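Thanks for coming. I have one structure to go through today, and I will take it piece by piece. Please have it open as I talk.

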Amino acid sequence: MLKQRVLTASVLAPLVIAGIFFLPFQLFIIAVAGVTLLGHWEWTKFVVTSSRLGAFFVPAAVLLSSAFLLPLSELGMNLSTFNAGAIALIGALWWLVATGMVLKYPKATGWWANSAPLQQVFGVLTLVPFLWSVLLLRAYHYELDPFLGAKLVLTVCLLVWAADTGAYFSGKRFGKRKMAPSVSPNKTVEGLIGGLIASVAVTLAAANYFSIPFSSLPMLGVVALVTSFASVLGDLAESMFKRVAGVKDSGSILPGHGGILDRIDSLTAAFPVFTVLYFWLA
């Protein structure tokens, strides 16, 4: 399984990096929207419904209608940071709610475990802010560095990948204390600490290499630390929704990784949180 995961990642990572830097912005929108819609489709496995197609209609409609808040013709050079930032903020606040849900699992699930409307709302709050946070970062630039937005998007990806990798290896080597056994039995406190350290180190190194502007090194470290913790929460939240739904993976489109949601679950939390914190603090 590890070999399969590495092989899949070795193919996907270069494609993702190339898309971040070299896709024209309008095509980048289509690519990220396509990934988000696939994630919405997989989310229907978490919804108590007799029709996945019917459950897909509502979140897909919300996703597409959100484009009216940020007309596609105005994205890029004239991106409305107010509207996109508001959507990112909603996403960041949603992860505060999700934190409480994860901490209380499995006791306090009765109010949403059998509610299809709430489960659809959770999907919208997870994926729509992710989409617009990615677009907001990608569109951000200044005249001295037109690739700044692409560098920011890649930095968040590197942060999450470092958190996952650091947690895996430190957990394997030092892991003893279970972090959230009822949600994800394999995750340990030692793995979490290793992942946080790795993500902060990689973020600071990437910011230095890419010459990303920020107010101070300690502040950027705080942004990276909080974002890394949020990425772990994103993974735990998806695990919780899968357990309630009784499914192992969100899909099977990615060999060794499962579905799209299984691959981007950490990113769905990391992007809104990083976006809000970076523009406010860093």
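I start with helix 8, residues 217-245, which has 29 residues and reaches 42 Å from its first C-alpha to its last, close to the 42 Å expected at 1.5 Å a residue. The expected span here is 1.5 Å times one less than the number of residues. Helices are DSSP runs of H or I with at least four residues, strands are runs of E with at least two, and both are numbered from the N terminus.

A word on what you are looking at. This is a predicted model, in which local features need pLDDT of at least 70 and side-chain atom pairs count only at pLDDT 80 or more, while totals for chains, interfaces and linings use all residues. Residues are numbered from 1 along each chain as its sequence is written, and side-chain values use heavy atoms, with hydrogens and water left out.

Back to the ends of helix 8. At its start, a side-chain oxygen of Ser216 comes to within 3.2 Å of the backbone nitrogen of Met219. Just after the helix, Gly246 takes a positive phi of about 75°.

Now the whole protein. There are nine helices and two strands. From the N terminus the order is α-α-α-α-α-α-β-β-α-α-α. Of the 282 residues, 50% are buried; buried means under 20% relative accessible area, exposed means over 50%, and partly exposed is in between, with a 1.4 Å probe and protein chains only. Contact means heavy atoms within 4.5 Å. Among contacts between residues at least 6 apart in sequence, 74% join residues at least 24 apart. The accessible surface comes to about 13,500 Å², and 70% of that belongs to carbon and sulfur atoms. Those areas come from the Shrake-Rupley method with a 1.4 Å probe, and for residues only the protein chains shown count as cover.

Ser199 is in helix 7, residues 189-210, and Ser228 is in helix 8. Ser199 counts as buried because its relative accessibility is 0%. Ser228 is buried too, also at 0%. Leaving out neighbours within four places in sequence, Ser199 is in contact with Leu159, Ala162, Ala163, Ala224 and Ser228. On the same terms, Ser228 touches Leu159, Ala163, Gly195, Leu196 and Ser199.

Gly195 also belongs to helix 7. Is it buried or exposed? At 3% relative accessibility, Gly195 counts as buried. Not counting residues up to four places away, Gly195 touches Ala162, Ala163, Gly166, Ala167, Ser170 and Ser228. Its C-alpha is separated by 8.9 Å from that of Gly171, which is 24 residues away along the chain.

On to empty space inside the model. Rolling a probe the size of a water molecule over the atoms shows where empty space is left. How many cavities of 30 Å³ or more does a search of the whole structure find? It finds two. A cavity is a set of points, on a 1 Å grid over the protein atoms alone, where a 1.4 Å probe fits but cannot get out, and lining residues have an atom within 4 Å of a point. The largest cavity holds about 60 Å³ of space, a volume being the space filled by probe spheres set on the points, with points joined across faces, edges and corners.

The lining of the largest cavity includes Trp43, Trp95, Thr126, Asp265 and Thr268. Helix 8 and helix 9, residues 260-280, each supply at least two residues of that lining. Helix 8 gives the most, with four.

Trp43 takes us to helix 2, residues 25-43, where it is one of the buried residues, along with others including Phe25, Phe28, Ile29 and Val32. The 19 residues of helix 2 should span 27 Å at 1.5 Å a residue, and its end C-alpha atoms are 27 Å apart, which agrees.

Two loops to finish. The peptide bond from Tyr105 to Pro106 is cis, with omega near 5°. Pro106 sits in the loop between helix 4, residues 81-104, and helix 5, residues 116-139. Ser211 is in the loop between helix 7 and helix 8. Ser211 has a positive phi of about 55° although it is not a glycine, and it is exposed, with a relative accessible area of 51%.

Technical notes. A polar contact is a pair of N or O atoms within 3.5 Å; within protein, one must be able to donate a hydrogen and the other to accept it, and residues adjacent in sequence count only if both atoms are side-chain atoms. On a 1 Å grid over the protein atoms alone, a cavity is a set of points where a 1.4 Å probe fits but cannot get out, and a pocket is an open set with protein on both sides within 12 Å along at least five of seven lines; lining residues have an atom within 4 Å of a point.
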